[in-house]
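Here is a short report on one protein model. Keep the structure in view as you read.

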Amino acid sequence: MFVTDPIADFLTRIRNAQAAGHKVVEIPASKMKKSITKILYDQGYILKYKFEDDNKQGIIKIALKYDPVTKEPAIRSLKRISKPGLRKYSGVKDLPRVINGLGIAVVSTSKGVMTDKDARKQNLGGEVICTIY
């Protein structure tokens, strides 16, 4: 299947799996998706992840995180910002603050993919890929 925006597909698969109450979601892999998955794990939005090689492009298996009492998903919102039709770039001073610092924005910089907080620390701007809270 050919996808015109693989990052939006990645975010939508996670969103749909959480809405359906799935524990694990499988997503075709790419370097960008692996970087975003690592950020989601480091920030505590997912339980675990595993990169599997299937002699093609590979698969990312993500174990989704839910609240143990209310069964609410850990990720309340996943929103694509920079799209293939309209790229959004921000300087270090213009990087978005998601819910006044409670959420994160994933930014693709010249030093790799990182959160908006890390980009501010390193004084880097870049393409704002998505926001998560």
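## Ground rules

A residue is buried under 20% relative accessible area, exposed over 50%, and partly exposed in between (1.4 Å probe, protein chains only). This is a predicted model: local features need pLDDT of at least 70, side-chain atom pairs count only at pLDDT 80 or more, and totals for chains, interfaces and linings use all residues. Residues are numbered from 1 along each chain as its sequence is written, and side-chain values use heavy atoms, with hydrogens and water left out.

Helices (H or I, at least four residues) and strands (E, at least two) are DSSP runs, numbered from the N terminus.

## Helix α1

Start with helix α1, residues 6-20. The helix has 15 residues. From first C-alpha to last, α1 reaches 21 Å, close to the expected 21 Å. That expected span is 1.5 Å times one less than the number of residues. After α1 comes Gly 21, and its phi is positive, near 80°.

Which residues of α1 are buried? They are Ile 7, Asp 9, Phe 10, Leu 11, Ile 14, Ala 17 and Gln 18. An α-helix has 3.6 residues a turn, so residues three or four places apart point the same way. The cover over the buried residues of α1 includes β1, α2 (31-42), β3, β4 (78-80) and β8. Contact here means heavy atoms within 4.5 Å.

## Salt bridges

Side chains of opposite charge can pair when their charged atoms come close. A salt bridge is a side-chain nitrogen of Lys or Arg within 4 Å of a carboxyl oxygen of Asp or Glu. How many salt bridges does the structure hold? There are 8. One of them joins Lys 61 and Glu 26, with the closest N and O atoms 3.4 Å apart. This pair links distant parts of the chain. Lys 61 sits in strand β3 (residues 59-64), Glu 26 in strand β1 (residues 24-28), and the two are 35 residues apart. Lys 61 is partly exposed, because its relative accessibility is 26%. Glu 26 is partly exposed too, at 43%.

Glu 72 and Arg 76 also form a salt bridge, at 3.5 Å from N to O. Glu 72 is partly exposed at 40%, while Arg 76 is exposed at 59%. Another bridge pairs Arg 120 with Asp 116, their closest N and O atoms being 3.4 Å apart. These two are 4 residues apart in helix α3 (residues 116-121), so about one helical turn separates them. Is Asp 116 buried or exposed? Asp 116 is buried, because its relative accessible area is 2%. Salt bridges that share partners also build one network, made of Glu 26, Lys 50, Glu 52 and Lys 61.

## Aromatic rings

A pair of aromatic rings is described by the distance of the centres and the angle of the planes. Rings of Phe, Tyr and Trp (its six-membered ring) pair if their centres lie within 6.5 Å; planes under 30 degrees apart are stacked, over 60 edge-to-face, and the rest tilted.

The structure holds 2 aromatic pairs. Tyr 41 and Tyr 49 are edge-to-face, at 5.3 Å centre to centre and 75° between the planes. Tyr 49 and Phe 51 are tilted, at 5.1 Å and 45°. Together, Tyr 41, Tyr 49 and Phe 51 form one aromatic cluster. Tyr 41 is partly exposed at 38%, Tyr 49 at 29%, and Phe 51 at 31%.
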